[in-house]
Amino acid sequence: MGSDAPAIILFRRDLRVADNRALAAAVGTGRQVLPLFVLDEEIAGARPSGAASRWWLHQSLAALGERLGDLGSGLVIRRGETAKVLAGVIDRSGAGAVFWNRRYHPAEAAVDAALKKSLRACGLIAESFDGMLLHEPSLVKTGSGGFYKVYTPFWKALAAGSEPRDPVDAPDSISGCSARVASVPLEELKLLPRKPDWSDGLAERWTPGEEGGRRALAGFLRHRIEDYAEARDLPGRPGTSMLSPHLAFGEITPFQVMAALTRSRMADRNPADAERFRKEIVWREFSYHLLFHNPDFHRENFRREFDGLEWRRDAEGLRRWQRGLTGYPIVDAGMRELWRTGWMHNRVRMIVASFLVKHLGIDWREGEAWFWDTLVDADAANNPVNWQWVAGTGADAAPYFRIFNPVLQGEKFDPSGDYVRRYVPELEKVPDRYIHRPWDAPARVLADSGVSLADIYPPPVVDHDVARRRALAAFAAIRGGGNDDETGETKR
Ligand code: FAD
């Protein structure tokens, strides 16, 4: 293999050209560059993407292909086992180098480590780079050499470290590979939903791809961050960055986010808001840190003492939760936002997750799986780690006995009911006073609002006090008791 043999850049969940160190390295060799994406769904231990993520992937690959084409080298798309596909592509192109950005699910990291070894054994250059996380999970260690199980010391350790590196510019151009390497049409990956096609609401809300991520970040720093610490808890207002799917697909990197935050000088002008936002980005790092050390986070209670908890089997309750028909308006609004747009506000994610686990007594894994399938930002680390946090089974988790009252949560965080009315339009005319508890409204008020609790909107699937007592009893059975806490306060 000569030193002019082409270089392959292997794309995975890093669907961008800016701050892509693997792409920069491939271009930097001066060789012809072959961008390759392989849809590999056979990695043991890692989960295939859910339906909403597949929709996003399709759109994001289309955007990336166009961008790479403009730069001079179109994207080759294939499906199959990465190592096998790569061997064929290397054969066909005569490539002498393969570059990629690192992944941190242990199963994927193992595949990549084996790949590196075998490519190098064949005399190829094989290099991997950072991009997905600010800190390599393997390098962040507690004083005693273990991994962090509590967020605050993790945050402090990272905050005391060096500033993140600067992002790397996108290449001005890419010298394409002259060898003809077959690519399958994107449609053949069959990532889009058909019969029924439920993706209209997703397409309305989102612009997948690097440009969409760049715009989301710019818009957030221009209009929303100044009030972030408070507004991030109010689902009726656009108070957060909406960056999660762009981060999940690597269309933007945390390095770019941090650099833009620094450039905005927000830390001088609104230190509390800037710090709060930085802390959320570091929650993402913490989730990956936990996943890296606990590959089965989506399957196993992190705190094994919860293995003895008796979950309820309640197919009807689960179905009503999934469809947004629990009779608790804030829960139903959240579940319908998720179904329609592929996303849900963080505060509401906590409320609906708590409702499933504590009010319905259903195993957190059922909820995690539903989110995995329906979220466009479904993330192998953030999803299970947050579910276990809410369930009380996770690392640094909210105590199991903290049981959110969905009425108080709604009244506190959606006081005028804007959020509920947006997603539960049958309650549109219910006065603010009853919007989070329509069952308390006098019959005349309900009639004037056009609501009947029999056929327009359901009565509560379970009474709050009954549910709370049942959850506490289940908890007491394995822990020997605990205190209730209804304030709805969380440190998040
Ligand atoms: P912002 O408030 O603007 O935050 C900026 C970024 O920080 C986010 O994009 C995200 O990358 C990160 N972040 C924010 N909150 C958290 C958090 N609690 N944990 C980890 N990282 C965080 N987030 C996902 O990205 N994918 C998931 O699959 C996911 N599942 C969740 C499940 C449950 C039950 C809960 C309670 C939370 C989950 N989250 C998940 C975390 C959080 O809800 C989303 O990251 C956030 O709502 C995304 O909106 P945003 O980009 O506007 O957030």
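**Note on the ligand site and the parallel sheet**

1. An oxygen atom of the ligand is 3.5 Å from an N or O atom in the side chain of tryptophan 343. A polar contact here is a pair of N or O atoms within 3.5 Å; within protein, one must be able to donate a hydrogen and the other to accept it, and residues adjacent in sequence count only if both atoms are side-chain atoms.

2. Before going on, note the basis. The model is predicted, so local features need pLDDT of at least 70 and side-chain atom pairs count only at pLDDT 80 or more, while totals for chains, interfaces and linings use all residues. Residues are numbered from 1 along each chain as its sequence is written, and side-chain values use heavy atoms, with hydrogens and water left out.

3. Arginine 284 uses its backbone instead, with an N or O atom 3.4 Å from a nitrogen atom of the ligand. Taken alone, the ligand exposes 820 Å², and the protein buries 99% of that. Accessible areas come from the Shrake-Rupley method with a 1.4 Å probe; for residues, only the protein chains shown count as cover.

4. Now the shell. There are 29 residues around the ligand, and Tyr228, Thr240, Ser241, Met242 and Asn346 come nearest. A residue counts as near if one of its heavy atoms lies within 4 Å. Helices H9 (244-248), H12 (271-293), H15 (346-359) and H17 (382-391) each give two or more residues to this shell. H12 gives the most, with six residues. Helices (H or I, at least four residues) and strands (E, at least two) are DSSP runs, numbered from the N terminus.

5. Turn to the sheet. It is open, has five strands in the order S3-S2-S1-S4-S5, and pairs in parallel. Strands S3 (76-79) and S5 stand at the edges with a single partner strand each, so one side of each is left without a neighbour in the sheet. On average, neighbouring strands are turned by 25° against each other, direction ignored. Two strands pair if DSSP finds at least two bridges between them.

6. Strand S4 has partners on both sides. Strand S1 (residues 7-11) pairs with S4 in the parallel sense over four bridges. S4 (residues 97-101) and S5 (residues 125-129) pair in parallel over five bridges. Follow phenylalanine 99 in S4: isoleucine 9 is its bridge partner, and glutamate 127 in S5 stands opposite it.

7. Which elements make a right-handed β-α-β unit with S4? They are helix H4 (residues 106-121) and S5. Right-handed means that, with the strands pointing away from the viewer, the path from the first strand over the helix to the second runs clockwise. S2 and S3 run parallel and are joined by four bridges. Within this pair, valine 38 has arginine 78 in S3 as its bridge partner.

8. Two backbone details deserve a look. Most residues other than glycine have a negative phi, and most peptide bonds are trans. Aspartate 19 is not a glycine, yet has a positive phi of about 45°. Aspartate 19 sits in the loop between S1 and H1. A cis peptide bond joins lysine 195 and proline 196, with omega about 0°. Proline 196 lies in the loop between helix H5 (151-160) and helix H6 (200-205).

Technical notes: Axes fitted to C-alpha atoms, helices over the stretch in contact; angles between N-to-C directions.
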